[in-house]
Amino acid sequence: MLATLVTAVVDGLAGSLIRVEVDVAPGIPMTRLVGLPDAALSEARERVRAAIRNAGFEYPASRVTVNLAPADRPKRGAAYDLAIAVGVLVASGQIHAGGGSWALLGELSLDGSLQAVSGVLPMVATLVRAGHRRIAVPAANAAEGRLVAGAEVVAVQGLDDAARLVAGPRGRRAATASRRPATRVSAVDPHGDRPADTTRPASLVAPIEAVDLADVRGQATARWALEIALAGCHNLLLVGPPGAGKTLLARSIPRLLPPLDDGEALEATVVASVAGLLTGVAGLCRDRPFRAPHHTSSYAALVGGGPRLAPGEVTLAHRGVLFLDELAEFDRDVLDALRQPLEDGSVTIARAGGQVQYPARLQLVAAMNPCRCGFAGDASRPCTCPTGEPERYVRRVSGPLLDRLDLRVEMERVPPAALLEGDPPEPSVQVATRIAAAREVARQRNGGVPNALLSGSAVLRVGGFDGRARRRLEEVAARQLLTARGVHRLARVARTIADLAGQGSVDEATILAAANLRDPAGRPWELAA
Amino acid sequence: MTDAAERAAWITLAGVDGVGLVHFGALVGQAGGACAVLDLARRGALHDLPHARRLTRAVRTAIADAAHEPERAQAELDRSGVWTITPLDAAYPPGLGDLADPPPVLYGQGDQAALARPRRISVVGTRRPSVLGRALAGTIARQLVQLDAVVVSGLAFGIDGAAQAATVAAGGVTVGVIGSGHQRPGPRAHASLVRDILTRGAVVGELAPHARPTRGTFPRRNRLLSALSQAVIVVEAPTRSGAVNTAHHALEQGRALFVVPGRPGDRLTAGCLRLLRETEARPVVGLDELVADLAELWPAVGSDPDGRLQARPAVPALSWSDALALLGPAERAVARVLGAGPAGLDRVIASTGLAPATAASATTVLQLRGWVTLVGATYVAAGPLARPP
């Protein structure tokens, strides 16, 4: 007897439909799984066999063939378990599929209960688009599944729940007739270790200690540069000795960022779902992502990939900020891998079985010491690095990566006296208001694009540079030997400074202010004099 | 034996690895010429020379190999674009004659005439200077360019590089003296500086192009720095440093020594203070005073209008108050802060109370006028702003 059920798989950030076909036929008892399963999926055989017995059903002593269609696409993960198990029950006649058509998602435990899976949001969206509106998902994923409009999502605790759904009110009698009482072996509640907290909003903001700008004393230049960077989505590099406040300043970023709009929030929530970060939360990710991976992060952790093919930090930071502290301490390969997302807004992970593309339209904020000991150029403490070491240290960050940064700020340590005297500086709320307003103005003028992503010709066309500003731009370009890329960078930064000041056009003074912020690649330290 | 053949033999013998100043002098002296040394080596009779017995077998073999292929040393020079001057040549810098151990061959790239210009002065100092020291090295170098002097230095990181980069930027002539072969002149990060220097100046050293620097080559290079100059200026030198070493060479060779003083207790200038206390070095107390001291040293040349060294160009200098009158209110506020001493943008913002964008814009205006220079992340007053009332 043949049973056919519908489930889904995540491929990149999109879901795709998978048909599970189960055939139970007389023959030597054995189970075959076909359709390019990976290791986790091949083990589904053992999980399904145990789950069926422990949920109180019989595993058929016949020849069982499970096909995952389309057969040419490699399948990963364990989200098919539930569909396979229910398929076996239907095909072996233990239940009748009288409850209409259900799509099933979930990984089985050996006791027949269901585990949460990642990527439920895009999978449910795909199923709904394909016309399968009735979907059973693990209870911990239910809130996530219900985010999709038009989906009729039912939370199921285990295989017996799912069997009851599929059997419907009439088939249920047939089901119970053949059923032994369920064995509850485990003494603990299977979900006890991860209580479903449906009040917590989804978030891609790294768990850091948030800082208010009112608590950041001194550092007027760096505060100003950060405001410009966040208002125009410019990539920012902070350079300074330990204790200058680079990390402190970066921790103020989450409170300065405007929330995501509806479209962005859905994108971010899909990313969180595929990364498995949505379990047990309600609502879309509304906070702009802020990711702060450690400098020991691997290539796969930062860029994506790995054995389970998960999105990396660059994708988790999509539409938000990626903060890399101690930039020069990251692996060179890892840093160079950032060039593609910074350029294209996406990362492509190529595998033997095809390639996936994750979005990665991120803003990079990076911090680093000027040398290994941290005190090169510091006024009060000598640098203890060997000769030539500071230059080598700075060169660890490759030129092409530096060239993709728009702003560079050299921070100095704040003298202790300045930490105590004077009025507290401007709090984050006021700065955040200016940033949000500037972003909105830029978005409307540029057709939805932040200033940093305007092309060189576009910024000069729509930027509203007056005649004197253009002449100053030419003068600065000639004096500082700027390349075309440098001139455009200067123009974009000037446009953002004008947006923050609420100016419709860019005037001469704004160009001069932007010219004061340094070229990120800079010239070598030695020739700066 | 022609002069040309003897000169070629000098270059061949001096280019042999392991033949330094001492061996070269002793071998040539005992054989009565470099050609004679190579002849002996070709005949396998090098051990006839008493000094040859003190050479290792490897060095003797190397000399014999070189003697059999005399054209190889010249081919290496041609390949690297390196010219040579030997004491046999008229162009051999007379200053090198003041050395107890003059190099048998001076290797160089660029304009040989730079070594023969009438005014030559070394600017040396620590590899890791302070922001101010770096700026001062540049200021002194620019002043020297105005005096039509060649700036001689060691192409190292720090003061040396800052002085030579400023000289090149000001359109002046500078000579880099290297302690390695010409295939690796100075630190790799200075490759573009070397290229700039070679357009008008020269890079010279006493090692064959392929030679690798060793522990001793850099200190020995220092004696050439002072010998090629008429005076040495030391900017920021710790007690044990190459710059102090160069200063002592200068005194031994009878060169004038100028030292920028520092503050007692400051490690970076401890060597400078010691030089001022223990030798007859002149302190550098200001550019005008430095120029006045140099005027005694250097005879007048054609470029000086009235036959005397001029501290400043013929255009009358702008006074502090006249300069301030030319500025807008924001620029004036920034000028007052920087006139009181170097400061980063943070200090400028805090001291003027201006908005960051306004302060940044005003600072850029001053930079474009050339009245403020950026050193690292610190702004340093220049021109009229460097002369507050």
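**Entry 1: counting elements.** Helices (H or I, at least four residues) and strands (E, at least two) are DSSP runs, numbered from the N terminus. With that settled, I looked up chain A and found 22 helices and 18 strands. Chain B has 16 helices and twelve strands.

**Entry 2: ground rules.** I noted that this is a predicted model, where local features need pLDDT of at least 70 and side-chain atom pairs count only at pLDDT 80 or more, while totals for chains, interfaces and linings use all residues. Residues are numbered from 1 along each chain as its sequence is written, and chains are lettered from A and ligands numbered from 1 in the order in which they are written.

**Entry 3: burial and contacts.** I call a residue buried if 20 or more other C-beta atoms lie within 10 Å of its own, exposed if 12 or fewer, and partly exposed in between, with C-beta atoms placed from the backbone. Chain A has 529 residues, and 50% of them are buried. For chain B, buried residues make up 50% of 389. Of the contacts in chain A between residues at least 6 apart in sequence, 76% join residues at least 24 apart. In chain B, 67% of the contacts with a separation of 6 or more come from residues 24 or more positions apart. I also noted the span of the C-alpha trace of chain B along its principal axes, about 85 × 45 × 40 Å.

**Entry 4: the core.** A nonpolar core here is a set of buried Ala, Val, Leu, Ile, Met, Phe, Trp, Tyr and Cys residues joined through C-beta atoms within 7 Å. The largest one has 278 residues, and those with the most contacts inside it include A:Val124 and B:Val123. What does A:Val124 touch, not counting residues up to four places away in sequence? I found A:Ile135, A:Gly145, A:Val148, A:Ala151 and A:Val153.

**Entry 5: strand E6 of chain B.** I followed residues 202–205: B:Ala202 and B:Val204 point one way, B:Val203 and B:Gly205 the other way, and all are buried. Two strands pair if DSSP finds at least two bridges between them. E6(B) pairs with strand E2 (residues 106–110) of chain B in the antiparallel sense over four bridges, and B:Tyr107 stands opposite B:Gly205. Strand E5 (residues 174–178) of chain B runs parallel to E6(B), joined by four bridges; there, B:Val177 stands opposite B:Val204.

**Entry 6: a second sheet in chain B.** Here I found an open, antiparallel sheet of three strands in the order E10-E12-E11. Strands E10 (343–344) and E11 (372–375) stand at the edges with a single partner strand each, so one side of each has no neighbour in the sheet. E11(B) meets strand E12 (residues 378–381) of chain B over four bridges, and B:Val372 has B:Ala381 as its bridge partner.

**Entry 7: domains of chain A.** Bounds come from an automatic or database domain assignment, which gives domain 1 (2–177), domain 2 (213–445) and domain 3 (454–529) of chain A. The centres of domain 2 and domain 3 of chain A, taken over C-alpha atoms, are separated by 22 Å. Across that boundary, 22 residues of domain 2 of chain A are in contact with 16 residues of domain 3 of chain A. Among the elements that give two or more residues to the domain 2 side are helix H7 (220–232), strand E18 (407–410) and helix H18 (428–446) of chain A.

Conventions. Contact = placed C-beta atoms within 7 Å.
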